[in-house]
Amino acid sequence: MGKAIRLYGSLFFVDKFIDGRDAIPCVSGNFVRRRNTLRFLQMLSGDAKYCVSTWHQIINMKKIVVLTGAGISAESGLKTFRDSDGLWEGYNIEEVATPEAWRRNPALVQDFYNMRRKAVLEASPNAAHYALASLEEKYDVTIITQNIDDLHERAGSTNVVHLHGIITRSQSSKNPNLTYPVEGWEIKMDEVCELGSPLRAHVVWFGEAVPMIETAAQICAEAELFILVGSSLAVYPAAGLVHYVPQNTPKYIIDPRIPQLHQDKSFIKIEEKATVGVPQLINELLITD
Ligand code: NAD
């Protein structure tokens, strides 16, 4: 157990995440975000009154949840999926993004994801990714992304949940919990995990379980403001996450072609490309409230 600190009559324990970084379980039992934890730890070395007021500002930050899809990375040069007639870079998903495809032709699947990784490494975050990162100055932001690229992280977002995995890591074809960073763009067919099984891309294929879906649903249920960017809402279970957002939570959607929404009337629609609509909304959020 870490060091205990009493503030405003509440006990906080400075403890460690399993990855070794500092974390503080707060009074509600939730873990505060690492970035805030660092700020909190810095404050501890300062004036106690200042500590308490700043700590209260931090825990009172409004929770914004952003669900992003392929559309947010389109203007970084990464093609979306639905905009290309249901093909992904010219391929049917059954050919390249299913467990059956891997069993049938692992070299083709490996090559497909190697090409996607190469494109991601060559791409840069755009104004929409950067605007979302800047939102953390004032809000408690969680980004839930369906994307397998790392453009949110490279833009500076610190709290990103990857629903469908991330292309910059590889995964054991025997145990999906064994993942590794990929050096460069290529996973070679003779590369194996510590169990001796071939490595594949760390992505969730169609027909596979989505291990982060329950965590994501819980995050959506706590949203005080919800923003959906660049998703056709055609891929389940990700598309179902919007139903977990509380009814009275303000909701925005940014997409040049707004998809069909079940709770259509509860969304404020911004029919723009991500690089226009996202910075516009974020500027408003940063100057108001
Ligand atoms: P999708 O391709 O089904 O839908 C894309 C959505 O983005 C559409 O609604 C479209 O109108 C919108 N869009 C297009 N250009 C846009 C722009 N400039 N700004 C804002 N919105 C724009 O995407 P999806 O719903 O995310 O589902 C596709 C699946 O394929 C995901 O699960 C994802 O894992 C995978 N995928 C990922 C990437 C990536 O990581 N960058 C790229 C393609 C596909």
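1. The protein chain of this predicted model contains 9 helices and 12 strands. Of its 289 residues, 33% count as buried. Among contacts between residues at least 6 apart in sequence, 58% join residues at least 24 apart.

2. The mean pLDDT of the protein chain is 85, and 78% of its residues reach 70 or more. Over residues 7-11, however, the pLDDT is below 50, and this stretch has 8 contacts in the model beyond near neighbours in sequence. Residues 47-53 likewise stay under 50, with 7 contacts beyond four places in sequence. Where pLDDT is low, the predicted coordinates should not be read in detail.

3. Which residues have the most contacts inside the largest nonpolar core? They are V65, V66, L132, I144, V229 and V278, in a core of 37 residues. Several helices and strands each supply at least two residues of this core: the helices are α6 (127-134), α7 (151-155), α8 (213-221) and α9 (274-287), and the strands are β4 (63-68), β5 (140-145), β10 (225-229) and β11 (251-254). Apart from this core lies another, of 15 residues, with V96, V109, I166 and I167 among them.

4. V229, leaving aside its neighbours within four places in sequence, is in contact with V66, T68, G71, I72, A128, I254, A274 and V278.

5. A hairpin through 6 residues joins β7 to β8.

6. T179 lies in strand β8, which spans residues 179-181. Is T179 buried or partly exposed? With 16 other C-beta atoms within 10 Å, T179 is partly exposed, because being buried would require 20 or more. Beyond its neighbours within four places in sequence, T179 is in contact with R169, S170, Q171 and H202. The C-alpha atoms of T179 and R169 are separated by 6.4 Å, although the two residues are 10 apart along the chain.

7. L233 counts as buried because it has 22 C-beta neighbours inside 10 Å, and 20 or more are needed. P237 also has its place in the loop between β10 and β11; a cis peptide bond joins Y236 and P237, with omega of about 10°.

8. What is the make-up of the shell around the ligand by class? The shell has 12 nonpolar, 10 polar and 7 charged residues. Of the 29 residues around the ligand, those that come nearest are G69, G71, F81, N147 and G230. One of these, G71, is also among the contacts of V229.

Definitions and conventions: Residues are numbered from 1 along each chain as its sequence is written. This is a predicted model: local features need pLDDT of at least 70, side-chain atom pairs count only at pLDDT 80 or more; totals for chains, interfaces and linings use all residues. A residue is near a molecule or strand if its C-beta atom, placed from the backbone, lies within 6 Å of it. Ala, Val, Leu, Ile, Met, Phe, Trp, Tyr, Cys and Pro count as nonpolar, Asp, Glu, Lys and Arg as charged, and the others, Gly among them, as polar. pLDDT is the predictor's confidence in each residue, from 0 to 100. Two residues are in contact if their C-beta atoms, placed from the backbone, lie within 7 Å. Helices (H or I, at least four residues) and strands (E, at least two) are DSSP runs, numbered from the N terminus. A residue is buried if 20 or more other C-beta atoms lie within 10 Å of its own, exposed if 12 or fewer, and partly exposed in between; C-beta atoms are placed from the backbone. A nonpolar core is a set of buried Ala, Val, Leu, Ile, Met, Phe, Trp, Tyr and Cys residues joined through C-beta atoms within 7 Å. Two strands pair if DSSP finds at least two bridges between them.
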